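I opened this notebook to record what I looked up in the structure, one topic at a time.

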Amino acid sequence: MAEMSFGHRRAGIVRQEVADDAPAFNPMAFLQGCVAARPPEEDTFPLVVDFPDRPAKMLAAVLPDYGPANRLKTQLVDLPRLPLAKLKSTEVIVEVHSASVNPTDWKQRKGTLSTIFPLKLPCILGIDLSGRVVRSGADSPYSEGDEVFGRQTLDRMRELNGSYSEYAIVDSADLYRKPARLSHDEAAAVPHACLAAYAALGHVGQLISKVKVDHQRSVLIIGGSGGVGTFAVQVAKQHFGCYVMASCSSANAALVQSLGADEVLDYSDPGFLQSVGATKFDVVVDCVGGDDYWTAFGKALKPDGVYVTLVGNARHLAQDKEMDMTSVLQIRAEYLVRQISSKLGAAQNYHILTGSQLQSSDLRIIASLLEQDQLRVVIDSTFSLYDISKAHERSETHHAVGKIVVQVCKSTDAPGGAGGKKHAGERMGDNAPGGHGGGRRGGGGLPDTVQDARLPAAKGRVKFDGVESPSPQKNKPPPPEPPEPPEPNEH
């Protein structure tokens with residue numbers, strides 16, 4: 001199977017020293033090219049991250065070039081490489097058990113955002129992750145064996161690698177301890193979507209700073225059954241105590257109502273744009289996009305209300321057309337015009353949620369809500385890493401209910417299992433579980449050709465940060481199984 005290397009290569013090469021009595025011209029050196037000598041032993045440093053019992057290679061979904069979903073190929077690649085030859089004090093190496101798909105992932109894959117956010121191809125995509133810490137920096141709050149969930153920022157994804165891989169180097173500020181009552185599949189579905197929902201409501205929508213008064217605050221969620229929408233409905237209801245109105249299809253109305261929506265609107269109803277009546281909202285969160293929604297529901301805002309769109313002035317912005325700098329400048333110009341109009345009183349507050357407004361520190365609040373069973377994770381479907389292209393195709397339909405999860409390795413904890421230290425996860429095999437959640441699609445097994453291509457773990461002692469790691473212990477008995485966790489509360 002094809003293999004690819006990622007990350008920075010060592011740029012400095014130590015050339016052979018030439019003796020003083022050596023001839024000025026060496027024919028053999030000329031024929032052989034520039035001959036480089038091995039650097040002194042004390043100058044060597046590992047190019048590949050090292051941790052106990054590390055494998056020689058890792059599985060990852062590789063994007064060699066921009067294009068359709070079938071461009072993604074699951075194959076063996078080098079482990080992540082450290083740009084400065086050592087782990088930063090705040091970084092951790094996470095053994096990724098599960099990831100999830102966000103629209104940003106396939107927009108990057110298609111090259112839609114290549115002008116404003118070019119990738120270094122080949123690359124490994126993926127933002128969300130849940131897994132186990134296998135190595136930790138000196139200033140990181142996490143230790144080896146801790147189970148965490150969080151996100152890989154776009155800049156780090158581009159420089160290192162994303163979460164569609166067995167291992168990822170993540171800044172500890174972008175992680176939090178995985179709630180014990182969640183499985184890795186459930187935890188991986190949370191970070192990016194729930195952070196976006198919290199930012200739209202709390203930070204941009206200003207619900208955090210608004211003082212509670214006698215009348216109840218009201219929120220409208222446009223697209224309440226999607227990945228962000230399902231979390232936005234619950235955060236608005238359970239955390240901010242708002243009266244929640246949400247839109248979705250009639251088929252998903254019961255689900256959205258069970259998440260806490262007080263009223264559910266059918267977006268296919270011809271009278272949908274006039275269906276809110278006299279209700280006035282503190283925040284309108286648009287997860288779909290479109291100026292017709294702004295025109296219709298912007299009028300329903302309170303005087304200090306805020307309209308927050310996650311997409312922009314067109315449905316599913318940047319889905320099929322390339323976003324060049326002209327398009328970006330046009331969007332920014334329209335945005336500024338609306339801001340100026342707002343200050344002049346001609347329009348209400350209009351905001352486009354950007355990635356910079358998502359705060360990883362909010363994972364602490366989100367984890368607390370999950371632990372208290374105030375948030376429910378809705379999973380549309382689960383795919384094996386070998387079916388990553390099908391996961392992207394499912395997301396591109398815009399009909400996923402909740403989140404789409406990608407199982408990177410077979411976790412040892414059961415759904416809703418307790419956290420704590422676990423054995424290392426296993427690569428997805430022929431007995432990998434099938435579909436989850438909606439059950440529309442299942443994860444495929446491990447092809448025999450890939451099974452045969454697996455490489456043994458690295459042997460011997462390897463230096464890392466100038467410290468020699470202990471050699472793997474053979475015939476070491478496995479640690480005892482952790483006690484069975486208590487049954488989770490029913491959603």
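**Aromatic rings**

I began with the rings and found that ring pairs link Phe272, Tyr293 and Phe297 into a cluster. I note at the outset that this is a predicted model.

For Tyr293 and Phe297 I noted a tilted pair, with 6.1 Å centre to centre and 35° between the planes. I asked myself why Tyr293 and Phe297 are separated by about one helical turn; the reason is that they are four residues apart in helix 8. Tyr293 and Phe297 are both buried as well.

I also checked for a charge over a ring, and recorded that the charged end of Lys107 sits over the ring of Trp106, 5.8 Å from its centre.

**Nonpolar cores**

Next I turned to the largest nonpolar core, which has 52 residues, and listed the members that touch the most others: Val190, Leu201, Val219, Ile221, Val233 and Leu353. I traced where the core residues come from and found at least two supplied by each of several elements, including helix 5 (191-204), strand 9 (218-222), helix 6 (227-239), strand 10 (243-248) and helix 10 (363-371). Helix 5 gives the largest share of this core, 10 residues.

I then recorded a second, separate core of 48 residues, with Val92, Leu125, Tyr167 and Val406 among them. As background I wrote down that in soluble globular proteins nonpolar side chains tend to be buried together.

Last, I looked up an open sheet of three strands, for which I noted the order 2-1-4 and antiparallel pairing. Which are the edge strands? I found strand 2 (73-77) and strand 4 (123-124), each of which pairs on one side only. Strand 1 (residues 58-63) runs antiparallel to strand 2 and is joined to strand 2 by five bridges. For Ala60 I wrote down Gln75 as the bridge partner in strand 2.

Conventions. Residues numbered from 1 in each chain as written. Predicted model: local features only at pLDDT ≥ 70, side-chain atom pairs only at ≥ 80, totals over all residues. Heavy atoms only, no water. Core = buried A, V, L, I, M, F, W, Y, C linked by side-chain atoms within 4.5 Å. Buried < 20%, exposed > 50% of the residue type's maximum accessible area, 1.4 Å probe, protein only. Phe/Tyr/Trp six-rings, centres within 6.5 Å; stacked < 30°, edge-to-face > 60°. Lys NZ or Arg CZ within 6 Å of the ring centre and 35° of its normal. Pairing = 2+ DSSP bridges.
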